[in-house]
Structure formats: C-alpha cells, structure tokens
Amino acid sequence: MKIIWERIDNWLAANAPQVLKSLRPGANDEEIDRAEVFLGVEFPEDFKLSYRVHNGQDEESYSLFPNLEFLSLQSAIEISEKWQDCSDDNFRCDCDNIFEGIWNGWWNPNWIPFTNESNGACECVDLAPAAGGNVGQVIIVEWREATRGLIAPSFRVYLETFADALERGEYRFSENGYGLVDLVDFEILDRAVGNG
C-alpha cells in the first residue's frame, strides 16, 4: 500500500499540490485500534496499511477522489453513526439496483465508509458481503437512491486502479471542480468557465 500511495503522492506533487497538502499524516496503531473497537470490526490489512500512510484528508479541502471527501477514521465513525441513526429495517433495494454479493438493506454496520459525497453517498469497504461477494470489497452506498453497487473486489485494487488512472492522465486538478475531476468533467468545467 505504501508503494501505491507513493505513486499517488508523486502524481499529486506534480499535478495537484493543493490536494497533496490536504492529505493527513497516517494514523497510528492506537487510532486504528480505537476505530475498530468503536465500529466493532477488524479492518482488512490493506485498509489498515493505507490509513497508516494517510488518515484521510482535511475537511473542506480539494477532493482527492472526484467529488468525494477522503474520510479520516474519526469522520468514518461519524458517517457510519449518521447512517445507523437513519436506519430503516424495512428498506430494500430494487433487485435491478443492487449488485450480486452486496447485502440488501439500508445500512450494514460492517460497511466501513472511507469517502463521502455532499449528497450523502459514500464508498465503503464491505466486511459483510452477501453470497457471491468478497469480504473487503468496495461498494457505493447511495443516500437518496435505492442503489448499492460494486466498485472493486478489494481496497487495494480500488487504490491501485486510482493510481493507474492518475498516471494514464485520466484526472486533472480543477479549482472550479473543487479538486480532482475526470477528463470529461474537466472539459465540461473548462468550457463552462471559458464561456461564463
């Protein structure tokens, strides 16, 4: 995980130093243990290793992951509590809006959020997949929609895919986009600002 983060950090240093500056120092073992105890889970090793490098981002900073705040462990706890407070035991996703291997319900306390979008959606490490899923898979959980989707089979794959995309030039920094955006969004924002 350290090597993957070195790739990301190097790209940010050259292309988006504002985002690099917002990344927090790594969490120590005590902080990771405290988060695991509070959430009642054991994080996958790749997740722990990642958080030992960077414990999320400063709040109100340019986004690392497009349109998403990279959560500190403390923020992950707060987001998890928010979802649980709004729990609905009768909620079920339409079968067309949930991927195989993802538990069908409003919120599972074994989903560990690591990103958050302003509309409430978050990406989570799934520690309690349904049949056909992988422990540690990365899923998207939508707040306003009955959608639960699979993003990656593990956190390592998620982060490595992101590093690969950065190095292929698929993302750009945009002050108007509040951080990293994919090329399609960057071109739309660029045209809007140029025509505005």
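How many disulfides does a search of the whole structure find? The search finds 0, where a disulfide is a pair of cysteine sulfur atoms within 2.5 Å.

Quick background, everyone. This is a predicted model, where local features need pLDDT of at least 70 and side-chain atom pairs count only at pLDDT 80 or more, while totals for chains, interfaces and linings use all residues. Residues are numbered from 1 along each chain as its sequence is written, and side-chain values use heavy atoms, with hydrogens and water left out.

Okay, back to the cysteines. The sulfur of Cys 122 has its closest cysteine sulfur in Cys 124, and at 3.7 Å that's too far for a bond. Cys 122 is buried, at 0% relative accessible area, and Cys 124 counts as buried at 0% too. Buried means under 20% relative accessible area, exposed is over 50%, and partly exposed is in between (1.4 Å probe, protein chains only).

Next up, Ala 76. You'll find it in helix α5, residues 73-85; helices are DSSP runs of H or I, at least four residues, numbered from the N terminus. Ala 76 is buried as well, with a relative accessible area of 3%. Setting aside neighbours within four places in sequence, Ala 76 is in contact with Leu 71 and Pro 113, contact meaning heavy atoms within 4.5 Å.

Key
Helix = DSSP H or I, 4+ residues; strand = E, 2+ residues; numbered from the N terminus.
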